[in-house]
Amino acid sequence: MIGGFSSMRCLSQDNYETLVSECTKYCSKLLRKQDQAQYLLMACQMFNNAFLSDPQRVNELHEKVFKVCKTLLKDTPANLCYLAMLVRNRVLLSETVEVNREQIQRELQLGEEAKRAGPEHSRLWDMTVSQV
C-alpha cells in the first residue's frame with residue numbers, strides 16, 4: 001500500500017499530503033512494535049520523493065521509530081535489526097534530509113549497548129555501522 005501511495009501522481013499535493021499523513025497515523029497504530037518500526041520507515045519514503053519533500057516530517061518519523069526501537073530493545077536484543085534499519089534509512093536519506101549528528105550518535109550508542117547485551121546479534125549491527 002505504501003509503495004502504491006508513493007507512486008501516485010493523480011492527486012494534488014495537498015490531497016497527497018493528507019493521504020500520506022493518514023497512512024502514517026495508521027502505521028503508528030499497528031499492534032506489533034516491530035511492524036510499527038518497519039512501516040514507519042517505509043512511510044518516510046512517502047514524505048521524501050519527487051512529488052512531496054518534507055524533511056521535517058521525515059525527521060519526526062525517524063524520532064518515532066527511534067522511540068519504538070528503544071522499547072523493542074528493552075524486550076530483547078534480537079530486535080537490534082530494527083535499529084539497524086533506522087540507521088540505514090537515515091544514511092540513505094541524508095542526501096536530501098538534513099541529519100543531526102547527535103541523533104545518529106544516540107542511535108549508534110543504543111545499538112552498541114544492545115549489542116553488548118546480546119552479542120549473537122552483533123554481526124548485523126557491525127555491518128550497519130561500517131556503512132555509516
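Me: Leaving aside neighbours within four places in sequence, which residues is Asn 79 in contact with?

Reply: Happy to start there. Contact means heavy atoms within 4.5 Å. By that rule, Asn 79 is in contact with Gln 34, Leu 72 and Leu 73. A word on the source: this is a predicted model, where local features need pLDDT of at least 70 and side-chain atom pairs count only at pLDDT 80 or more, while totals for chains, interfaces and linings use all residues. Residues are numbered from 1 along each chain as its sequence is written, and side-chain values use heavy atoms, with hydrogens and water left out.

Me: Is Asn 79 buried or exposed?

Reply: Buried means under 20% relative accessible area, exposed over 50%, and partly exposed in between (1.4 Å probe, protein chains only). Asn 79 has a relative accessible area of 8%, so this residue is buried. You will find Asn 79 in the loop between α4 and α5; helices here are DSSP runs (H or I, at least four residues), numbered from the N terminus.

Me: How do I read the packing of helix α2 and helix α3?

Reply: Two packed helices are described by the angle between their axes and the distance between the axes. Axes are lines fitted to C-alpha atoms, for helices over the stretch in contact, and angles run from 0 to 180 degrees between N-to-C directions. Here α2 (residues 13–28) and α3 (residues 33–46) pack at about 170 degrees, with axes 9 Å apart. That makes α2 roughly antiparallel to α3, a label for angles over 145 degrees.

Me: Which residues in α2 and α3 meet?

Reply: From α2 come Tyr 16, Val 20, Cys 23, Thr 24, Cys 27 and Ser 28, which meet Gln 36, Tyr 39, Leu 40, Ala 43 and Met 46 in α3. Among these, Gln 36 is buried, with a relative accessible area of 7%. Not counting residues up to four places away in sequence, Gln 36 touches Cys 27, Ser 28, Lys 29, Leu 30 and Val 68.

Me: And which residues of helix α7 are buried?

Reply: In α7 (residues 122–131), they are Ser 122, Trp 125 and Thr 128. Seen down the axis of α7, the buried residues fall within an arc of 125 degrees, so they line one face of the helix; the arc is that of the directions from the helix axis to the C-beta atoms. The face turned away from the buried side carries the exposed residues Arg 123, Ser 130 and Gln 131. What covers the buried residues of α7 includes α5 and α6.

How values were computed:
Helices (H or I, at least four residues) and strands (E, at least two) are DSSP runs, numbered from the N terminus. Angles under 35 degrees count as roughly parallel, over 145 as roughly antiparallel, 65 to 115 as roughly perpendicular and the rest as oblique.
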